[in-house]
Amino acid sequence: MLGVKDISQAGMALANKGLGLVWETVGTLSGNDRLKDAGRQRQEAATERLDAFEEEAKASRKAAEARSHEGQQKSYQSSGSRSEGRSYNDPKGSHAVAEGAKGAVKVAAGKITGNEDLKNEGETQKDKAQAEGDAAKHEAKAGAHREKAEAHERTSDKQRQNS
């Protein structure tokens, strides 16, 4: 879930975008290509940070959706009849695949046996798995954006130091 720290980081990204624009402008006006390039790199880093923030928000929404499906799934289970499973708190793509497979088995078993609750539980488990998988994908994309941002920042710092 996104918190104050995340919003603070988004604010810092916006500030860095402005700082990069200032550096680029000063570099352009002074004829200092390195400062101009450093400003552009800083702006690119800020864009990547904002993209990471967006992906983290998407991951957070999908995680909340997965928790909702988990609650629905538990409503189909009679107490003590099936294992509780693990509560969704960390997006893992491999876990999502396994949950989806278990859901598919429950759907098939429910259809074969005529057990509507088991079939519905399986459908809900498949929905939960889809949301978990989506959350994992968004978190991975956020990580890639953070790595790109750090690379742009390093380049910007080197260019600025040499200007």
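Is the crossing in which α3 passes α4 left-handed or right-handed?

Analyst: Happy to take this one. α3 passes α4 in a left-handed crossing, a label used when the near helix is turned anticlockwise from the far one by less than a right angle, with right-handed kept for clockwise. Before going further, please keep in mind that this is a predicted model, in which local features need pLDDT of at least 70, side-chain atom pairs count only at pLDDT 80 or more, and totals for chains, interfaces and linings use all residues. Residues are numbered from 1 along each chain as its sequence is written, and side-chain values use heavy atoms, leaving out hydrogens and water.

Now the geometry. The axes of α3 and α4 come within 7 Å of each other and cross at roughly 165°. That angle makes the two helices roughly antiparallel. For angles, under 35 degrees counts as roughly parallel, over 145 as roughly antiparallel, 65 to 115 as roughly perpendicular and the rest as oblique. The axes themselves are lines fitted to C-alpha atoms, for helices over the stretch in contact, and the angles run from 0 to 180 degrees between N-to-C directions. In the contact of α3 with α4 there are seven nonpolar, eight polar and 10 charged residues. Here Ala, Val, Leu, Ile, Met, Phe, Trp, Tyr, Cys and Pro count as nonpolar, Asp, Glu, Lys and Arg as charged, and the others, Gly among them, as polar.

Helix α3 spans residues 93-113 and includes Gly110; helices here are DSSP runs of H or I with at least four residues, numbered from the N terminus. With a relative accessible area of 2%, Gly110 is buried (buried is under 20%, exposed over 50%, partly exposed in between, using a 1.4 Å probe and protein chains only). Setting aside residues up to four places away in sequence, Gly110 touches Asn115, Leu118 and Lys119, where contact means heavy atoms within 4.5 Å. From Gly110 to Gly122, 12 residues apart in sequence, the C-alpha distance is 8.1 Å.

Glu99 is also in α3, and its relative accessible area of 6% makes it buried. Its contacts, apart from neighbours within four places in sequence, are Gln125, Lys128, Ala129 and Glu132.

Glu139 counts as partly exposed, because its relative accessibility is 29%. Its C-alpha atom is 23 Å from that of Thr124, 15 residues apart along the chain.

For context, α4 has another packing partner, α2: the two axes are 7 Å apart and the angle is about 165°. α2 is therefore roughly antiparallel to α4, and α2 passes α4 in a left-handed crossing. By class, that contact holds 11 nonpolar, 12 polar and 26 charged residues.

Finally, α4 and α2 (33-75) are among what covers the buried residues of α1, including Ala10, Ala13 and Trp23. α1 and α2 have axes that come within 7 Å and cross at roughly 160°, so these helices are roughly antiparallel to each other.
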